[in-house]
Amino acid sequence: MVVKRTDFKSILPFLPPLTPQQSASSSSSLAWPNHQVTDALQQLAQGPTQSRVNSGERLFAAISRIRGSLPLSSKDRLAKSTAVGFAKFFSEMVSEEQSRRWFEDVVPKMGDLVLRLPALLEAHYRECDSVVSGVSTGLRLLEPQQPGIVFLSQLIAALLSCSFFCLFPTLNRKAKRMKAINMDQIFSSLHDSYHAKQENKLKCITHYFERICSSRPSNYVSYERKVLSPEQNPSVVPLPSTDFWANSAAPLCEFKIFPTGKIEHHPPGSLEVDFADEYIGGLVLTKGCVQEEIRFMMNPELIVAMLFMPSMSENEAIEMDGAERFSNYRGYNASFQYTGDYIDRRGVDALRRRVSRVIAIDALRRAGTKQYQSEFLLREVNKAFCGFLDHSEYLQHQQTVPGCNGGIVTGNWGCGIFGGDPQIKSMIQWVSASQASRPFVSYYTFGLDKVKNLDQVVEWIVSQKWTVGDLWNKLVEYGVQRDSIKKIGFFSYLLPSLKEESASSKHRRGSDAEGDSRGRGRGRFKK
């Protein structure tokens, strides 16, 4: 019985208000709390001839009626200009033909998905115990410091439709360190603080609904909280100490360098790094539009993680496998623009997940000079290691990790607004990936001047046959000596022959897309 399940009880306060209902078989089932809600959703599902919902203004009026029939707190209010944003988007920002198709074809199917949310939840809980043998995969609150995984399928579209219709309660989320998941703020921003990137983010979201309402995905997406335990716990991977890293004899893996290109365009099968906020998704449903937010717009199924994933602690990471990409784009931040449909041709794995693997790791904020101190070097290397390690493989093989099939695809993690040093961050990620037995790191520099000599540094380190411990110790040594060596960069500290160019230099590396420096194979996680 769903209502008695511990996993369901943990997530119930964060779902749109639902109630148990006694069925003819004397077992409790889930239902919307009253007929006003079901009547409104049924009307919406019948299309504009019955619902009269044929504009953004009328859609928001219907949403308001549904919300008014739900037992939400009077303090659970939407952003002040949400109504104006809905009206403006569908009347001014999409064509008349697109708007007509949206209200005739898409909104009714979204209404039907929301109407069937109770039944979809029941189906999910009937099936979740058999997805992975011996593993709990049911939808639940994945609490901090509690490793666990959730598998979702068709329920994803219903949950995202609830988000679009702004039906989730919000007041209890802050106490659990979770961001709001309703989409009212992004609509409200179209009026309160308009920027083209917000309009284009909404075009990505509406395109997702157009696609799934014409052909509903049936594959799974998994969402996993990964934890390194600071205490002895046989069921959780231990948190490495400074001594562990200093004494590691693991060899460094292959390190490939790409001056151009995008992480998401890398061939499938590897783990692609999300330069994350500690709150998964960051500002995707508000004003943000950098690496993490753009990835969530391209793959909106990632947004669902925000529903049940509290913020990450320093010893945690979040892995999301199987999310399909639906949209193309160009630009970044202020220049971001939706450019049309994307057909994701990646295959599926044995668990019916698309071969799309994203690992969210949040870098040190306001890094400044503290990022060179051993305490914070340890924080960063453990954060990346937590994300890069296959925890189940590690535990299954009793602290010896076999070589993983997929490498790490990354770039200048934490080097934007967080203020990270890309020379340090590139080396930290190499150390972490090698210790996690990843076969390679594919590093996209995005043309950043500070890492223009990365290929030479990698080639030299490989020629020295350094281990993970050797490179780690050099990073710590640099941090200790940095103030006394005129604060030169790590690359020049390592190779004095490298003459770092001034910021005004016009020199750029050649167009070869892949560095050819290679490491020495796979590492082992040894105590």
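The following paragraphs lead from the overall form of this protein chain to a few of its individual residues. The model is a predicted one.

The overall form may be considered first. The protein chain has 527 residues, and a compact globule of that length would have a radius of gyration near 24 Å. The chain has 24 Å, which agrees with that expectation. Along the principal axes, the C-alpha atoms fill a box of roughly 75 × 50 × 40 Å. Within this form, the secondary structure comprises 19 helices and 13 strands. When contacts between residues at least 6 apart in sequence are considered, 77% of them join residues at least 24 apart.

The surface and the charges come next. The accessible surface of the protein chain is about 22,100 Å², and 48% of this area belongs to carbon and sulfur atoms. There are 65 positive and 55 negative side chains. The centres of these two sets lie 2 Å apart.

From the surface, the description turns to the interior. Of the 527 residues, 57% count as buried. In soluble globular proteins, nonpolar side chains tend to be buried together. In this chain, the largest nonpolar core has 96 residues, and L59, F164 and F308 touch the most other members. What surrounds L59? Leaving aside residues up to four places away in sequence, L59 touches V53, F86, F90, W102, F103, V107, F164 and F165.

Helix α9 spans residues 184–192, and its buried residues are D184, I186, F187, S188, S189 and L190. Which helices are included in the cover of these buried residues? Among them are α5 (82–93), α8 (155–164) and α10 (196–214).

Y444 is found in strand β13, which covers residues 440–444. Is Y444 buried or exposed? Its relative accessibility is 5%, and therefore Y444 counts as buried. Beyond residues up to four places away in sequence, Y444 touches F258, T260, G261, K262, I263, H266, V409, T410, G411 and N412. The C-alpha atoms of Y444 and S426 are separated by 10.0 Å, although the two residues stand 18 residues apart along the chain.

Loops also deserve attention. E324 is found in the loop between β8 (316–321) and β9. With a relative accessible area of 10%, E324 lies under the 20% limit and is therefore buried. Not counting residues up to four places away in sequence, E324 touches R211, P217, M298, N299, P300, E301, D344 and R354.

Most residues other than glycine have a negative phi. Q145, however, has a phi near 65 degrees, a positive value. This residue is found in the loop between α7 (117–127) and β3 (148–152). Because its relative accessibility is 33%, Q145 counts as partly exposed. N333 likewise has a positive phi, near 55 degrees. Its place is in the loop between β9 (327–330) and β10 (337–341). N333 has a relative accessibility of 30% and so counts as partly exposed.

Methods:
Residues numbered from 1 in each chain as written. Predicted model: local features only at pLDDT ≥ 70, side-chain atom pairs only at ≥ 80, totals over all residues. Heavy atoms only, no water. Helix = DSSP H or I, 4+ residues; strand = E, 2+ residues; numbered from the N terminus. Rg over C-alpha atoms; globule rule 2.2 N^0.38 Å. Buried < 20%, exposed > 50% of the residue type's maximum accessible area, 1.4 Å probe, protein only. Contact = heavy atoms within 4.5 Å. Areas by Shrake-Rupley, 256 points an atom, 1.4 Å probe, with all protein chains shown as cover. Lys, Arg positive; Asp, Glu negative; His and termini not counted. Charge placed at Lys NZ, Arg CZ, Asp CG, Glu CD. Core = buried A, V, L, I, M, F, W, Y, C linked by side-chain atoms within 4.5 Å.
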